[in-house]
Amino acid sequence: AFATGKLKRFLLIADGFYIFSIVALFISKKLFVSPVSFVFALVVIEIIIAGIRTYILSKISVFSMTDYLKKTILPASIIFIVSFLLMKLCNNYLSQDLTGLIVLLIISSMLILIMVYLIGLNKKEKMWINSKLRFLSNK
């Protein structure tokens, strides 16, 4: 089946940006010799395309860009920034060997789980998690 109407426009514009991204990545590969720079350019392009897709979706449907930013992007950004900064801080105090790596992985996993629960979930999702935890603790 082929897309028609608004869906066709949405797909054409979004996929057009993917074609543009191939050219942009080719240019960045030629300009930046470092693989890290290439991966960074890839991530930036993917973020831009995701933003464009979200914007187009908000124009052709009842999807609210403001709600999406408030309920999804903002909490995820806060979790990312805080966890990144705390892990950088922890990394300064841990030994740079296998034991330090394991401790850092455990700390970061626990920190992210706690932050997702406190910041990333709404009341309904927290209630669902709590009910599952109560069910498991009663077994």
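Contact here means heavy atoms within 4.5 Å. I am working from a predicted model, and I keep that in mind throughout.

**Entry 1: α4 against α5**

I looked up which residues bring these two helices together. On the α4 side I found Y117, L118 and G120, and on the α5 side they meet E125, K126, I129 and N130. I sorted the residues of this contact by kind and got 3 nonpolar, 2 polar and 2 charged.

Next I looked up the geometry. Two packed helices are described by the angle between their axes and the distance between the axes. For α4 (residues 98–120) and α5 (residues 123–137) the angle is about 135 degrees, and the axes are 9 Å apart. Angles over 145 degrees would count as roughly antiparallel, and 65 to 115 as roughly perpendicular. The pair is therefore noted as oblique.

**Entry 2: α5 by itself**

I checked the length of α5. The helix has 15 residues and spans 21 Å from its first C-alpha to its last, close to the 21 Å expected at 1.5 Å a residue. I then asked how many of the 15 residues in α5 are buried. The count is 0, and I noted α5 as hardly covered.

At the N-terminal end of α5 I found a cap, N122. A side-chain oxygen of N122 lies 3.1 Å from the backbone nitrogen of K124.

**Entry 3: two serines**

I looked up S83 in helix α3 (residues 65–93). Is S83 buried or exposed? Its relative accessible area is 8%, and the cut-off for buried is under 20%, so S83 is buried. I then followed its side chain. A polar atom of the S83 side chain lies 2.7 Å from the backbone oxygen of I79. The side chain of S83 also reaches the backbone oxygen of F80, at 3.1 Å. An α-helix has 3.6 residues a turn, so residues three or four places apart point the same way. Setting aside neighbours within four places in sequence, I found S83 in contact with L111, I112 and M115.

The other serine was S58, in helix α2 (residues 35–60). S58 has 16% relative accessibility and counts as buried too. Apart from neighbours within four places in sequence, S58 is in contact with F63 and M65.

**Entry 4: F26**

Last, I looked up F26 in helix α1 (residues 5–31). F26 has 52% relative accessibility, and the cut-off for exposed is over 50%, so F26 counts as exposed. I also noted a distance from F26 to F38, which lies 12 residues away along the chain. Their C-alpha atoms are separated by 9.2 Å.

Terms used:
Residues are numbered from 1 along each chain as its sequence is written. This is a predicted model: local features need pLDDT of at least 70, side-chain atom pairs count only at pLDDT 80 or more; totals for chains, interfaces and linings use all residues. Side-chain values use heavy atoms; hydrogens and water are left out. Axes are lines fitted to C-alpha atoms, for helices over the stretch in contact, and angles run from 0 to 180 degrees between N-to-C directions. Helices (H or I, at least four residues) and strands (E, at least two) are DSSP runs, numbered from the N terminus. Angles under 35 degrees count as roughly parallel, over 145 as roughly antiparallel, 65 to 115 as roughly perpendicular and the rest as oblique. Ala, Val, Leu, Ile, Met, Phe, Trp, Tyr, Cys and Pro count as nonpolar, Asp, Glu, Lys and Arg as charged, and the others, Gly among them, as polar. The expected span of a helix is 1.5 Å times one less than its number of residues. Buried means under 20% relative accessible area, exposed over 50%, partly exposed in between (1.4 Å probe, protein chains only). A polar contact is a pair of N or O atoms within 3.5 Å; within protein, one must be able to donate a hydrogen and the other to accept it, and residues adjacent in sequence count only if both atoms are side-chain atoms.
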